[in-house]
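Dear colleague,

I am passing a structure on to you. Please look it over first; my notes on what was found in it follow below.

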Amino acid sequence: MPRIVAKRPPRPLCRRLRSCHRHVMAGDPGSGWRRIIVHADMDAFFAAVELLDRPDLRGRPLIVGHPGARSVVTTASYEARRFGVGSAMSMAVAMRRCPEAVVLPPRFQRYKEISSRVMEVFSSFTPLVEPLSLDEAFMDMSGTAHGSPEELGRKVKERVFEATGLKVSVGISATKFVAKVGSDHRKPDGLTIVPPDEARAFLEPLPLRRLWGVGPKTEARLLDLGLRTIGDVARASPTLLASSLGQQGPHLIHLARAEDPREVIPHREAQSVGSEETLEKDVIGAEAIRPYLRRAADKVAERLRRHGVVARGVRVKLKTADFRIHARQTRLSRPTDGSAPLYDAAVGLLGSFDLGEAMRLVGVTAFDLAEPTAPVQGELFGPDLSRRRLDGAMDAVRARFGAGAIRRASELE
């Protein structure tokens, strides 16, 4: 079974933990460890950063998210999670479950600052670091001179705490999938080591939701097939799953059997830039949705220009009042970082939605990003030039006076 490492007390180590330490080292490299893949995941990261800066709130339930009944929870401290509060939950539901919680708005610049320290720590172990988000990353430690998997995990946890004062949970195995499942196995402050020859047994009893890529819809299909655990999927017929899930079926079987050859890819570039807004009141119809598309397109275009990239596709996301999500996307005739082309494409997608329903969220995403090549001739003349001058002027005003310093008249209406 996996080596679930006891959480480390302050030094000196007690005799009991030394015994556990020797037991874990039995799974050191050389006994089937062709690769050593580490997945590190910060514990309730945004909430932990807030508590780092506000130690007076320690021990109290904390919710990070914008206040307001129509907002959603960004993350919650473990004290709040005991009341059933979780990420992406409606703030109204969260406050009913935990009325005594402290609610703080997110401070993403502060989270990015701490995240950069965390990633620097990871990079001190190996250049093969693949960030998945601000608070988690894969590392390929194969061939590094940092000792056994258990010693590696201990060092990662210690150095992250020394650099940030925060705790991280770590999973170590020979594949990305099993390492990721391991990091979540004993949160918070956990360290789980799954030797390659024990990986399938480790996955066997776990619920379907722990399979990477299985959401509510896929889970329902698997349950309809009589599959209840990851072990059931591992033993399932590839033909049966392919008939129900298409190409995803055989892929899930491989994961369930702890077969995951994917490499750790360092410095993965962002593939999309998006902006979405949960509305104060539900809206119905294209006319009511368009101002929010305009605002989102402005934000996305500004971020594209700031990062020096252009987009070749646009996606619109709408969430209904009963929390069903619908999305449509299209390819652009030419790459752009302009607000107007993004907005025009987004408006063009509205006709493919059922706009008779009430909507509570509107979002725009620019995808398939690339570095700009030589200017397209059409952008040098006529309305395109005026639009680019307007975008540039708005960027300059916002850079000097803040994001809310200038608005379009349509927003005021």
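This is a predicted model: local features need pLDDT of at least 70, side-chain atom pairs count only at pLDDT 80 or more; totals for chains, interfaces and linings use all residues.

Overall make-up

The chain has 413 residues, of which 45% are buried. Its secondary structure consists of 16 helices and 13 strands. Taking the contacts between residues at least 6 apart in sequence, 66% of them join residues at least 24 apart.

Cavities

Searching the whole structure for cavities of 30 Å³ or more turned up two. The largest cavity has a volume of about 50 Å³. Its lining consists of Ser275, Glu276, Glu277, Tyr292, Arg295, Ala296, Lys299 and Val362. Two elements give two or more residues each to this lining, namely strand E10 (272–283) and helix H13 (286–307). Of these, H13 gives the most, with four residues. Sorted by class, the lining of the largest cavity contains four charged residues, three nonpolar ones and one polar one.

Strand E3 covers residues 62–64 and is joined to E4 by two bridges, the two strands running antiparallel. Within this pair, Val64 has Thr75 of E4 as its bridge partner. As background, the strands of a sheet pair through backbone hydrogen bonds, and the pairing is either parallel or antiparallel.

Val93

Val93 sits in helix H4, which spans residues 91–97. Is Val93 buried, partly exposed or exposed? Val93 has a relative accessible area of 24%, and because buried means under 20% and exposed means over 50%, Val93 counts as partly exposed. Val93 and Val72 are separated by 21 residues in sequence, and their C-alpha atoms lie 9.1 Å apart in space.

Regards

Definitions and conventions:
Residues are numbered from 1 along each chain as its sequence is written. Side-chain values use heavy atoms; hydrogens and water are left out. Buried means under 20% relative accessible area, exposed over 50%, partly exposed in between (1.4 Å probe, protein chains only). Contact means heavy atoms within 4.5 Å. On a 1 Å grid over the protein atoms alone, a cavity is a set of points where a 1.4 Å probe fits but cannot get out, and a pocket is an open set with protein on both sides within 12 Å along at least five of seven lines; lining residues have an atom within 4 Å of a point. Grid points are joined across faces, edges and corners, and a volume is the space filled by probe spheres set on the points. Ala, Val, Leu, Ile, Met, Phe, Trp, Tyr, Cys and Pro count as nonpolar, Asp, Glu, Lys and Arg as charged, and the others, Gly among them, as polar. Two strands pair if DSSP finds at least two bridges between them.
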